[in-house]
Amino acid sequence: MNDIQYEFGMVGLGVMGRNLMLNIADHDFSVIGLDLDPEKAAAVEAEAGAGRPVRGTTSTEEFVQSLRTPRAIMLLVPAGKAVDAVIATLVPLLEPGDIVIDGGNSYFPDTDRRVVELAEQGIHFFGMGISGGEKGARFGPSMMPGGNREAYERLRPVFEAVAAKVNGEPCVTYLGSGSAGNYVKMVHNGIEYGIMQLIAETYDLLRRGAGLSDDELQDIFQGWNETELQSFLIEITGDILQKKDELTGKRLVSVISDRARSKGTGKWTSQNAMDLQVPVPTIDTAVLMRDMSKYKEERVEAAKLLPNEALQSSINADREKLVSQMRNTFYFAMIATYAQGLAQLKVASEEYNYGLQLQEVAKIWRGGCIIRAACLSDIRTAYEQNPSLPNLLLDKKVGGDMMARQEDVRAILKIAIDKGIPMPAFMSALSYFDAYRTETLPTNLIQAQRDYFGAHTYERIDQEGIFHTQWT
């Protein structure tokens, strides 16, 4: 076994690295893993079982020498300095034509820098987003690679074999040059933030507002997963709501702190969208609500000082109708969130010369990843029919679906306002929809104000040119 030239190499044998190695081996590719922890290196061999082409080592030299050329090496280590440190140890041992793949959530400018640095030595660097968590890595993730197109052919057989499949199609494809893969994964995570916030607000309105029990909420989410809302995040919400706490006997979710954590990818999405001047308000709102959750002590004080008397009684509405309206409202806002993220990808592809094909992005998001959902089939179709579609809302079918649901969205938000239940992500989704379909926004007044106090000039609707006025 020690004399074989391994097809693929993995650096970092934590949960994700180990599971992806086993997935690769399941598809009859030989794979060697490198980790400085001898226990992890030994564990992956033990888990694979005797006679399988899986090996673990703690020696960087042995690892590199055991790979067939051109070498394909994936890094699954924490983003940031750890990636650069691993690259620094590998590069002196590599040869021109070898490929290094960063499978972590690296910030895309870091990937662009590494692409340039390694290209100077003839080494191809790929940034590849991987979504699906521990289970996805083991049995089929969604993978988003970006880098050199020709070098991708060395990776394609392995990636297509181990990726999740939907109707026989692998949830992986070459996305584009440079940091395209990391960028697509960043926006994927931004959309994920948005949809998670929408689910949380749905849960809040139905629980605190309508007074639905844990059992009723669980049934609703499980039922919704059999409808057009079918998705991984809706599915796991149903699972979460039925889980009981072994310590108290209560539903576990009811004893979990409401201080939300984050790793920064949602914030990166929002920050870059502002740089590109692409509005993604639902993603922005999801980020700021995680920030709001951290102010627990202040919220406790505010709840005493500014009590919500409207919540002393439940929503006075037919529950079946309310749940139906909430289902339509969620679908509307979910599509608006996808529309925002995909619009950002379109602008970024032009700005950074990625060459993204959004129908391919939608295709590989249909399975394996955290934001996989039934609606992605319609989204893929929309971009197949019109690859230059500037915004998903301009697709006739998608736009028609949104129009058919908008009245339920307004009804639900009126209820939330009357009850003092915060639903900022839903409100942002509706405002995005309304603003996008407004032919003339009131920003003409803002332009006049800017010219008044700062002589910033303005344009006119009746003639070409740049104008300035002495307002007083």
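This is a predicted model: local features need pLDDT of at least 70, side-chain atom pairs count only at pLDDT 80 or more; totals for chains, interfaces and linings use all residues.
Local features require pLDDT of at least 70 and side-chain atom pairs pLDDT 80 or more, while totals for chains, interfaces and linings use all residues. Residues are numbered from 1 along each chain as its sequence is written, and side-chain values use heavy atoms, with hydrogens and water left out.

Strand E6 spans residues 124-131; helices (H or I, at least four residues) and strands (E, at least two) are DSSP runs numbered from the N terminus. Of the 8 residues of E6, 7 are buried (under 20% relative accessible area; exposed, over 50%; partly exposed, in between; 1.4 Å probe, protein chains only). E6 runs parallel to strand E5 (residues 99-102), to which 4 bridges join it; strands pair if DSSP finds at least two bridges between them. Within this pairing, Val100 has Phe125 in E6 as its bridge partner. On the other pairing, with strand E7 (residues 142-146), 5 bridges are found and the strands run antiparallel. Here Gly129 stands opposite Met144 in E7.

UniProt, in an unreviewed entry, places the feature "binding site" at residues including Asn105, Ser131, Lys263, Arg450 and His456; such annotations, with shortened feature names and positions in the numbering used here, may be inferred rather than shown by experiment. The annotated positions span 352 residues in sequence and their farthest two C-alpha atoms lie 49.1 Å apart, so they do not all gather at one spot. Lys263, in the loop between helices H10 (232-242) and H11 (265-276), is exposed at 80% relative accessibility. Arg450, in helix H19 (residues 443-454), is partly exposed at 30%.
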